[in-house]
Amino acid sequence: QLLLPKVSSSPPPTMADSVLSSTKKTKGSTSSQQQQHQSVLIDLNEITRIPTNKRSNRRQKKTKKTPFSSSAVGLDITAPNPKTKAKESKRYCCSIIRFTFILTILIFSVRTYLLLVVPSFSTMRKNADYNTALNGIGIRKKDEDTLGTKFDLNIGKVDHWCLNGDDDSCSCLDPTEAVSRIERRPWFNAHESNKNLIKEAVMSEYLDAMNDFDNDGVDVVFLGDSIIEEWNGRWLGREMEHLKYVKVVFEQMFQKKNGGKVEGLALGIAGDVAPNLLWRIQNGEMPDNLNPSVWWILIGTNDFGTHHCSGEIVFMGIQRIVEEIMHRKPDANTKIVINSILPRTFESDGKLVNGTVLSSPDLWPRIDAVNHELKHFCKEHDQLEFFDAGYIFRGEAGNKQVERTDGYILPERMMDHVHPTALGHKLWGLAIIKKLTEILKLEDEGNEDDDKDMR
């Protein structure tokens, strides 16, 4: 053991002095004594080192330093710990996932609150595409007919907007307001293509008049959706290979240069509903210099099948289009023909009425009801004509023993139960020609074979 000297008045020797004196005394002693005294030697470096903070010591123990070419550079660079870096990356990813989850829950909660607690939100969302005055339940009321016609277009009288009898399960637009789909580039291109067709028709009529050629201009303009656009062999403005035969059918029947009896112009865009067609009429597809003898309207199938609108909304949308045409073309000699909404069904076998609760809603009874109202509506106005084309695409299959006849869509005339085939277009076109012959008072050159084909 190392014996310390007693405390005296003189300053105590330092620990370094004690070690030096002990070293001098042991000089020349035996090896056993040297071993005994060497045990009490204390490293001077350890004694004179300045004590550091405990926390710093812990950090130094945990941090492993790997010298970077110390012999050549003389620097000691601490390399990052890969485990620490992995933990930080994992903690960062977890934070992002946690934040995204919380934000999703928050958005879902707010949306659920608005849909369930605020009853007018869903209706307001449907009408967000255009500026309109909203009442307490989000339905625009129109007290006066701005165009001065006798049509009752008071939207406030609508009992329900949707096919299921409510106001929230559909995506119907206000049938009295024009709405575009101009945010969709294909739709805009199709609209521009229709305007180009109008320019070509008007220019052709003008040039023939300048050269004293016999050209009475366009006899009929067809307005509608994809069924009308197919006559140009297009879908949303693009030429489609599978529609080339439909285009040939139209050219042979409605272009005089190809042997047609009347001159027709087809202006349709796939997917359009009544408010979309109304917007197109107001924005270039019914110019002042386009004045056919007949305006032929086919619209409404997408209002039913795509947006699931009620019959009231579909009927009012067609009325609004007729109102706009009468306002822009006030000539009493101009005829407006409303084509019946063609048969449509959700059933894969083409059956028009299923009747089961679990199946999709039957469209045909509602379509038939609207067609009946349109027919009655046309009888009240001399400028209007109604044309029923449903019989061309319908057939019956039943058992006479149980006196049952079920209506079906004939697949050879309407394969997808929405759009006519080339044969369906031909039979429909022949029926249109026959109707136009009566309206335009043309010589009837038809034969009995055409009537047999339609039957």
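The chain of this predicted model folds into 15 helices and 9 strands, where helices (H or I, at least four residues) and strands (E, at least two) are DSSP runs numbered from the N terminus. Residues are numbered from 1 along each chain as its sequence is written, and side-chain values use heavy atoms, without hydrogens or water. Local features need pLDDT of at least 70 and side-chain atom pairs count only at pLDDT 80 or more, while totals for chains, interfaces and linings use all residues.

Of the 455 residues in the chain, 38% are buried; buried denotes under 20% relative accessible area, exposed over 50%, and partly exposed the range in between (1.4 Å probe, protein chains only). Among contacts (heavy atoms within 4.5 Å) with a separation of 6 or more, 69% join residues 24 or more positions apart.

The aromatic residues come next. The rings of Phe 222 and Phe 254 are edge-to-face because their centres are 5.2 Å apart and their planes stand at 75°. This pair links distant parts of the chain, with Phe 222 in strand β1 (residues 220–224) and Phe 254 in helix α9 (residues 244–254), 32 residues apart. Both Phe 222 and Phe 254 are buried, and they belong to one aromatic cluster that also contains Trp 231, Phe 250, Trp 296, Phe 387 and Trp 428. Two members of this cluster, Trp 296 and Phe 387, are touched by Lys 435. Lys 435 lies in helix α14 (residues 422–440) and is buried, with a relative accessible area of 16%.

Charged residues supply 11 salt bridges, each a side-chain nitrogen of Lys or Arg within 4 Å of a carboxyl oxygen of Asp or Glu. Asp 272 bridges to Arg 181, their closest N and O atoms being 2.7 Å apart. Asp 272 lies in the loop between β4 (264–268) and α10 (274–282) and Arg 181 in the loop between α6 (121–126) and α7 (185–210), so the pair ties together parts 91 residues apart in sequence. Asp 272 also forms a salt bridge with Arg 280, at 2.6 Å between the closest N and O atoms. Arg 181, Asp 272, Arg 280 and Glu 285 are linked in a network of salt bridges.

Note on methods:
Phe/Tyr/Trp six-rings, centres within 6.5 Å; stacked < 30°, edge-to-face > 60°. Lists of a residue's contacts leave out its neighbours within four places in sequence.
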